[in-house]
Amino acid sequence: MADRSVKILVVDDFATMRKVVRNLLKQGGYDDIVEAEDGAMAFKTLKSQKIDVVVSDWNMPNMSGLELLKAVRADAELAKTPFLMVTAEALQDNVVAAVKAGVNNYIVKPFTAEVLNEKIKKLVEGLDK
Amino acid sequence: MNYDAMLSLLDELAQEYLFLDCKNIDIPTAGKLLNNLESIINESQKIKTPQLNSCGMGLSQILEKIILDMIKDKNQAADLLEEGIRLMQQIADSFKNTGKYDGSIQEFMGKLVAITGVAISGSDSSVAAESAETNVTEVKEEPLQVQDESLMRDFIAEGLEYIEEIEVNILNLENEPENKEYINTIFRPFHSIKGVASFLNLEKIRSLAHSLENLLDKARNGEISVTAPLIDVVLDGSDALKTLIGQLRDTLEGKKVDESALDIPALKTRITRIEQGFDSDMGDKKVGEILVDEGIISKDKLDEALQINKGTPDKKIGQTLIEEGIVKPKQVSQALRKQVEQVTDLTTIRVDTTKLDDLIDMVGELVITQSMIQQDLKNQLNPDKQLTRDISQFFRITSTLQQVSMTLRMIPIKQTFQRMSRLVRDLAKNAGKNISVELIGEDTEIDRNMVDEIYNPLVHMIRNSVDHGLESPEDRIQLGKSEKGLIQLKAYHRGGNVVIEITDDGKGLDKNKILQKALKNGMISSAEGLTDSEIYKFIFLPGLSTAEKVTDVSGRGVGMDVVRRAVEKLRGKIEIESTVGVGTTFITRFPLTLAIIDGMIVKVGTESYILPTLSIRQALRPSQEAYTNIVGRGEMLDAMGRLMPLIRLYEIFNIEPRHREPWDGIVVVVDSESGSKCLLVDKIIGKAEVVVKSLGEGLKSIKGVAGGAILGDGRIGLIIDIEGLFELSEGR
């Protein structure tokens with residue numbers, strides 16, 4: 001469990017999906033959550049407040065998950081932000097593209113609360129180092 | 001070659017590798033390694049060292065598989081990575097020092113294949129991607145049970161919203177099938193619905209959304225093209241999803257749900273067929289259905305036979321029908337042949353319309369040439385009998401050929417109608433009305449070019465009907481009509497034209513309101529002597545809208561005049577029939593094709609001109625008294641009880657006529673948007689259908705001339721553009 005407040009940004013264009021992720025994260029004890037509905041909004045949020053971990057969908061209008069990841073990594077301030085990519089299928093090309101762009105981890109839909117929180121926990125631990 | 005750059009890249013790779021723990025892989029480190037390997041692969045291409053290239057690709061492959069968690073023996077994979085890096089360093093060293101490498105990488109590559117199951121050849125990773133997909137199902141965790149009701153409700157609301165978005169976007173896609181962005185906007189909602197459905201354990205919804213998503217993905221990647229059947233199946237698919245989500249809602253609310261109405265497997269079969277590139281989703285018609293369609297047996301008889309057949313599943317329906325004495329064996333075999341034909345129907349090819357146009361053009365030339373040969377032959381004193389016979393045979397073939405080539409461009413109006421009914425559905429929802437659509441004569445054929453052109457005017461008229469024509473459900477009930485309004489779309493051929501009627505059973509046009517408005521706008525000075533149809537026509541004038549409130553669909557007073565202009569541009573005509581309280585019908589007439597014009601050939605001096613028949617009101621020889629020259633307004637003729645400007649065609653085109661005065665020649669009254677005028681010509685030759693030919697790039701925008709045509713005698717006639725001619729005559 002997180003012993004200090006970890007702020008997680010959940011990015012997905014489908015509001016129900018954001019709620020699903022929010023519920024799953026709650027089971028892992030993470031309840032400081034902000035949402036964004038596409039990459040562009042997410043980037044704005046990232047620039048305006050301190051976010052500890054980004055959980056982003058891959059396929060979104062305006063700015064896709066990959067584009068958001070690249071923008072985050074290219075931004076001096078945000079470059080180190082842990083980034084978890086959510087993909088629908090572990091399509092090798094997608095995952096590899098995300099890995100090359102510097103994603104910290106990826107997770108395949110549908111996933112359990114356990115797996116999600118395990119991955120988040122690792123990212124958070126990395127923060128403390 | 002310089003291997004220093006390569007060696008330093010390899011050093012970097014080796015250092016980075018030290019941080020990698022293959023058993024518990026750290027993705028960011030793996031990402032760095034992948035990027036390193038990519039630079040190495042690029043560099044190896046630059047310095048043309050295939051051994052390094054192959055090794056680099058091989059290592060990338062293993063690493064990717066490790067990241068994707070597709071390799072069981074992680075220790076072995078780690079060993080291989082290390083071995084590969086060492087091997088590459090050796091190769092690069094050897095090349096740097098001796099300019100060659102004597103060892104072999106075969107053994108190493110063999111081990112790679114053994115562990116990844118993929119042979120590395122070139123940079124193609126598609127095979128790998130495929131195997132990745134199949135393996136993934138194994139590593140997928142069990143989906144969790146989320147029985148959160150509020151989540152379900154969110155999903156229902158948002159899902160339905162998304163599906164509506166799909167329906168709107170698919171209309172756009174139909175207009176621009178090549179537009180990838182449109183495919184994307186349709187793909188995404190299915191994708192999202194699938195994602196959430198998988199969390200909520202909604203297997204039916206998930207799998208249907210998944211099929212549709214796959215189909216669209218293929219369309220997006222250009223593997224299959226966006227065809228009408230594809231669009232149909234996507235629409236049907238989204239309807240089915242809507243129903244499924246609706247059922248979900250009903251279940252939540254404790255209502256009983258009838259699940260039998262939906263045939264999801266059949267829908268999925270259709271999706272698969274289209275995915276496999278079948279251009280049509282028909283062809284599954286049963287022999288019995290064909291027999292019914294052909295009118296050989298009745299539906300009841302078929303059901304009877306099917307009942308008998310139930311006991312013996314192996315038996316074919318045709319066999320039973322014959323044994324029962326309902327049909328003759330020959331009829332069954334014909335139906336069977338039809339069934340096969342349906343399948344062969346699937347093999348259609350797409351042809352660029354410009355190629356078709358060229359073909360039709362050439363056929364036209366052929367027809368003209370052959371009639372010239374025929375003429376030449378007639379002019380001979382002693383025509384060869386055999387040759388004459390052959391030529392007339394030739395004549396039959398060419399005229400059939402011409403007919404066939406014209407039909408190549410014809411397509412059924414079905415697709416346009418279906419889009420319309422979809423539109424009605426959407427519009428009705430926005431307007432809070434309940435409307436059903438009836439389609440009649442969907443198989444009526446029309447030129448491909450016309451289909452796109454008539455779409456917008458038709459949409460406008462339909463919007464008008466939905467918005468202003470039909471009453472609200474409450475009003476309808478009060479009026480004693482059924483709550484559900486009806487819009488009927490009807491198409492048929494009449495006298496070389498295609499007629500499209502749009503009928504609503506709404507309140508009809510309010511004559512008095514139109515008259516008041518027309519009087520107010522100064523369009524007329526009194527209502528006297530106007531027939532109903534003349535009054536109705538006022539709604540086609542700009543600035544006249546009888547709608548009291550402006551909605552988001554229509555009623556801004558710009559609608560119907562735009563419709564009329566669009567229809568007339570296509571050489572079509574529009575009429576209205578309306579009865580108060582019963583409904584309104586818009587009747588539009590379009591030529592079957594824009595390639596052929598129905599015209600009147602007139603002569604001025606030695607020149608022939610073609611006037612579009614649709615613009616001709618009357619032809620007459622006026623008396624000398626009918627002629628007046630009014631100062632400031634020019635020459636006028638009293639025709640059809642009105643004074644109309646006179647245009648002397650010979651003056652406009654500057655040629656020598658046979659008759660200089662109207663009372664010697666013939667005057668043709670022609671209509672255009674801006675009114676009627678009289679054209680003075682020498683004589684009328686007759687009516688003819690001519691193939692419109694463009695005058696070529698250089699003469700494209702000549703005012704008053706719409707094109708040229710080759711006439712029956714082989715001479716050329718110019719097709720008059722009435723509107724342009726009027727402008728010329730006014731010195732505009």
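Predicted model: local features only at pLDDT ≥ 70, side-chain atom pairs only at ≥ 80, totals over all residues.
**Exercise 1. Describe the make-up of chain A**.

Solution. Step one is to list the elements: chain A contains 5 helices and 5 strands. Step two is to read them in sequence order, which gives the pattern β-α-β-α-β-α-β-α-β-α. Step three concerns burial: 60% of the 129 residues of chain A count as buried. Step four turns to contacts in chain A between residues at least 6 apart in sequence; 65% of these join residues at least 24 apart. Finally, the accessible surface of chain A is about 5300 Å², and carbon and sulfur atoms contribute 49% of it.

**Exercise 2. Describe chain B in the corresponding terms**.

Solution. Chain B has 25 helices and 18 strands. It comprises 732 residues, 44% of which count as buried. Among contacts in chain B with a separation of 6 or more, 66% are between residues 24 or more positions apart. The accessible surface of chain B amounts to about 38100 Å², with 50% belonging to carbon and sulfur atoms.

**Exercise 3. Determine which strands stand at the edges of the five-stranded sheet in chain B, and why one side of each has no neighbour**.

Solution. First, write down the strand order: the open sheet of 5 strands in chain B runs 16-8-9-18-17, with mixed pairing. Next, consider the ends of this order. Strand 16 (683–691) and strand 17 (705–710) of chain B each have a single partner strand, so one side of each is left without a neighbour in the sheet. From one strand to the next, the twist averages 35°.

**Exercise 4. Work out how strand 17 and strand 18 of chain B are paired**.

Solution. Begin with the direction: strand 17 and strand 18 (residues 716–720) of chain B pair in the antiparallel sense, over 5 bridges. Then locate individual partners. G708(B) stands opposite L718(B), and I710(B) has I716(B) as its bridge partner. Lastly, examine the connection: the two strands form a hairpin with 5 residues between them, and G714(B) in the turn has a positive phi of about 90°.

**Exercise 5. Classify how helix 9 and helix 11 of chain B are arranged relative to each other**.

Solution. Start from the geometry: the axes of helix 9 (residues 203–220) and helix 11 (residues 264–275) of chain B come within 10 Å and cross at roughly 15°. Apply the cut-off next: angles under 35 degrees count as roughly parallel. Helix 9 and helix 11 of chain B are therefore roughly parallel to each other. The crossing of helix 9 past helix 11 of chain B is left-handed. The residues making the contact include S207(B), L208(B) and S211(B) of helix 9 of chain B, and I264(B), L267(B) and K268(B) of helix 11 of chain B.

Key. Residues numbered from 1 in each chain as written. Chains lettered and ligands numbered in written order. Heavy atoms only, no water. Helix = DSSP H or I, 4+ residues; strand = E, 2+ residues; numbered from the N terminus. Buried < 20%, exposed > 50% of the residue type's maximum accessible area, 1.4 Å probe, protein only. Contact = heavy atoms within 4.5 Å. Areas by Shrake-Rupley, 256 points an atom, 1.4 Å probe, with all protein chains shown as cover. Pairing = 2+ DSSP bridges. Axes fitted to C-alpha atoms, helices over the stretch in contact; angles between N-to-C directions. Parallel < 35°, antiparallel > 145°, perpendicular 65-115°, else oblique. Left-handed = near helix turned anticlockwise from the far one by under 90°.
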